[in-house]
Each structure stands twice: as structure tokens, then as C-alpha cells.
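Here is a short report on the structure shown below. It goes from one chain as a whole to single contacts.

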Amino acid sequence: MRYRRARVVLTGLGITVLISLILLLGGIMNGMRIQARQYVESTGADVWVSYEGSGGAFIGFSLLAEEHMVFLNSEQGIVANSASPLIFAQARPTVRGKSTKAIVVGYKLGKLGGPKHAIEGRMFTGSEFKDYRPEDSIPFEVVVDEKMGLEIGEQITLGNEKVRVVGKTRSLMFVLDTPLLFMDVRVAQKVVFDNYPHVNMMIARSMENQKPAQIVASLNSIETIDVHTMKQTLGNITEYYVDEPMKAVQFLRVMLWLAAGLLVGMITYVTMLEKTQEIGVLKAIGGSNGYVMALLLKQVVIISVVGVMLGLGLAYFFAAAAPIFVAIHPVESIIVVCISFIVCCGSGYLAARKAVTVDPMIAFRGEI
Amino acid sequence: MAVIVEATGLTKRFGSGDASVVAVNSVNVRIDESELVMIMGDSGCGKTTLISLLGCILTPDDGELHIDGESIDGTVQDMSVIRREKIGFVFQLFHLLPYLTALENVMVAMDIARKNTQDAESRAQELLTQVGLSERFHHRPAQLSGGEKQRVSFARALANRPKIIFADEPTANLDSRQSDNLMNLIQEMRQEHQTTIAIVTHHEGLKSNAERIIHMKDGRIVMR
């Protein structure tokens, strides 16, 4: 059975685009998850304290005062002096005259919460004070990710303050390549909290022989704070920044799969309608239902295999060229390829089943 | 002489209730090996329905059918197996696949029967040569005359060495010279391959080629 080449090519291209979109959307979500996790994991903290009822670090509005440090540092099982204040706040810095999106990460130099070393330049000047009480004498310096493309010595504007780039980090961006601006907690209080003497959260590290879950359970008995383990925090941040906002995207992915299946099913059905006379003749001269079905399914398989494989290639190509971090997971690629193939072939099979009902008597009438 | 087709009380109705039409009514037919039988009658008398029943394309409502000694029951048997193993068809409108060459059109029948491709190709070449188309192997149907197309169709019918070939108005779309040539070829092929042939036609001029003529009227076989 001969297929219309242009139709097969166009349908294959349609499948290619749909499959690459499915994979790219998955890759974007996966990239977001990786970026959401990588900052939290890079801190090395496994005890995360936020304000009671805020839903956890990074989730709701959380402001903590200095005395919460006392709870943490006095808690048995916490590495001595590992407790550190942390500000993690969305901001709109002006970079090279353009307003952009970023996250201000304020922490104490040498403590948990940010990089200890810069890959280029130097780290910001740290506060001389033991705590994070307001102090005006600290230079406004920031360490940024190299992907921001800023040069050492350049200035960015945060609120009404000018902050100077003094160092660079690598692979420390947040969800959707949102840059993280690492600075002293004191500077962060000034530029994002207007000198308000609070922080968003406290973080600490448990001793090696201690179970963070037990420490967290103990600390949670204190009113006014919510305490989470690293695992809980990762779960929260992934759910809050990726899974919930991306529900519509997940739905769209299912729709794209349906569209791919419909496309193959529709084309197979149209082919079957066009070839009714030919199918009738083949059946009249002895072609079994299986033989006729196999001829139609050959078209389905060709379209599906070519479409899905090209879609896979195209997705990886666009992932590499995308302006945001897209991480297509190899295992997910295999799953998407398998599901897409099953959906396309299943849909084509349902349409091709109609061919089995063609009456071979048709061979005695009309022309092919 | 062996009996190739034997039908008893073969009946086929179309429609139901008051709209029911009996297209073939209690027909008894017997066709012997190597016989050339013509089934003749006016349009709508049931000729095509009869060869569709004998050719295992339609399942009868009543009656019994034996092909090559095997009892045929369309309700339990896969009729496509009988069609590809024991029966060949030649259609009025040739029904060659337009995108295949003459050679490939003959090979299709053997592809359906799951024959080895190389064997199928040499058999198709042999048959096309026998029907006088050795120079037309790689021509598509659009490049062939009506007579040539029907020869390809005849070669396709012979491809799987059927016990019987049913030809439905094979000369209806041919001029008289092409019709005569085709009938001569059918006679030659019948002798060469010892094939039984049943031809449905309303063309009186072909009568002389038949060993036996079955006349039909209103779904029944009638004596003349």
C-alpha cells in the first residue's frame, strides 16, 4: 500500500513538534526542580527554622528576630555555632539600566547559607558583629553567578542602594535561571528590609551522630517557630516553586500526547477511507485482516518512529539552545518516547481496525 | 474427473423483511477440474453474487459449498485462507494497484500468501512472459492498454496456482480484438496450467469459448 509521502512527512513533523514540546516542558520542569534544590543543598544545612505558620522556609512570609538564634545554638545535637541567619527575598535590581528579577541571599560570611569562596574576584566583606544587628559601616558588596555576565567592579541598584559586584559563583542560580545575589546579611537587611532587624529564616547543621528529624521534633515544641529537615525543606521548595505552578503545564503535556495520538489516528483513518477500494481488492484476492492491518500499521509505525525520534533529537537541541536551564532527564526521555509510541500506535491501530470491516465485495464495483 | 466446485441449494438474500431480495435462490452448481464454464444472464440476474458465493467472498444464507473437496463454512472458517490458497480472481475493472509495476502487481498475490520474495519474482516474471508481457515487467498500469492490464490481472490470478479462477466480466472493458486475444490467452493458460475457469459474462460472442454455459435468471439457474 503506497502512502502519500507529503502526508506522512507532515504528520511525522507534527509528531516531532509535539514530542519535542512534551520533552522540553518536562525538561523545563526538571531544570526548575534541580535549580530549586541546588541552592538548598549547597548550604549544607539540615535544620531549617522559619516563623510559625509560614508553611516553612521559602514558602510563606517569615520574619525571625535575633533571639531565635539562641534556641538553635542552645539545642543539643546542633553543631556548635553552626546556626546562621538567612535572608532569601525576591528583589528587582536594576542591572545596566534594566530592571530584572533576582533573589537576594543574605548570610554571614563563613557560615551556612551561601558560597564560602568565589570562583573569580573575592567574597563580600563580612559583618564584624557576631549577630546581624543593624550596622552602617559595611560596604555594599555582592557576589553573583557568572551566568549573569556582570564584570567585577560593576554596580547594580537594589532599592535605593548601589551594590558593587566583587566576586562570582558558578551554578548557583534559582528556579528559571533567577540569579541569586549573595551578600552579607546586614547589607541584605538594608537593601530589601529597609534596615528592619529581622531575617527570613535560621539554618543550622546537626551533629553527625544526631538524627535531624529528632532535633527538628524537639525544636518544633517551641512556639513561634516552624522547623523542618533538609528533606522536608526540599519537598516544600519543589512543591511551592515547581510542582504547583506547573500543574497547568503537566495538563498541557497530557493534552499534547492526546494531540499526537489524534493526529496519527486521524491520518490513519483518512488513509483507510481513501484506500477502501484497494483494501477490498487485497481482501478479495486473499489478504487476511491481519495482512491489511499490517499494511496500515506500517504507515503508523513509520510516522510514529520517525516523529518520536526526531522529536527527541529536536528537544535535546532546543534544550541546549534554550535561554533558561532545561534538563531533560534521560530516563524521562525513554518514558516519554515509549508512552508517545504507545499512544501514536494505539491510536493508529484503533483507526486501522476499521479496515478489517471493508467488504471484499467492493472489488466487484468501481475503480481503484 | 475431480470436482472443483460443488454447491447445493446455495441461497443468498440481501436486506431484511419486506425489502429482502433473494439474489441467488437455491442454486446447484458443479464445476469439474480444468473445465471452462461461463455463467451468463441479464444484468441483475445474480451472476456476480453467485461467483462471490462460489469464490468465498460472500457467505451463503443457505446451502452447502465444497471447494476442491473441502466443505466451506464461512461462519467458522477464515475465508481469506480459502481465497488465497484455492481461488484466483479477475475483475472487470482489472483492479491493479496503480503505483505498482506489472511485476509487483503479480507479486502482491504471492506476498499475501507469504511466499518468498525471490520465488515470487521469478514466478511473476514467468507468468507475465506467458501472457505476452515480457517487455512490460516494469510498466505501471497507467502505461498499459486495457488488454495488457487484464493480462496482468490474469497473471495475478494464476500466481498462487489456484484450483479455480473466477473472472467477472473480464472482457467488458476491452474492444473486440482485445477480447478475442484475452479469450485465446485464457484457453492457452487453462491448458498450460490445467486450471478450472468460471467466467461471468453477458457477452454472447464469448459463448463459443465455453465448454459449458450456466444461464441465470432472477437468481436461479435456468435451462435454455
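## Chain B overall

Chain B has six helices and 10 strands. Both are DSSP runs numbered from the N terminus: helices are H or I with at least four residues, strands are E with at least two. The radius of gyration of chain B is 17 Å, close to the 17 Å that the globule rule gives for 224 residues, so chain B is as compact as a globular protein of that length. The radius is taken over C-alpha atoms, and the rule is 2.2 Å times the number of residues to the power 0.38. Along the principal axes, the C-alpha atoms of chain B fill a box of roughly 50 × 40 × 40 Å.

Of the 224 residues in chain B, 49% count as buried. Buried means 20 or more other C-beta atoms within 10 Å of the residue's own; exposed means 12 or fewer, partly exposed in between, with C-beta atoms placed from the backbone. Among contacts in chain B with a separation of 6 or more, 72% join residues 24 or more positions apart. Two residues are in contact if their C-beta atoms, placed from the backbone, lie within 7 Å.

## Basis of the model

This is a predicted model: local features need pLDDT of at least 70, side-chain atom pairs count only at pLDDT 80 or more, and totals for chains, interfaces and linings use all residues. Residues are numbered from 1 along each chain as its sequence is written, while chains are lettered from A and ligands numbered from 1 in the order in which they are written.

## The A–B contact

The contact takes 17 residues from chain A and 19 residues from chain B. On the chain A side, helix α7 (residues 276-284) gives the largest share, five residues. That side divides into 10 nonpolar, three polar and four charged residues. Ala, Val, Leu, Ile, Met, Phe, Trp, Tyr, Cys and Pro count as nonpolar, Asp, Glu, Lys and Arg as charged, and the others, Gly among them, as polar.

## Around A:Val95

A:Val95 sits in strand β3 (residues 94-95) of chain A. A:Val95 is buried, with 20 other C-beta atoms within 10 Å. Leaving out residues up to four places away in sequence, A:Val95 touches A:Thr100, A:Leu150 and A:Ile156. A:Gln155 lies 60 residues from A:Val95 in sequence, yet 7.6 Å away in space, C-alpha to C-alpha.
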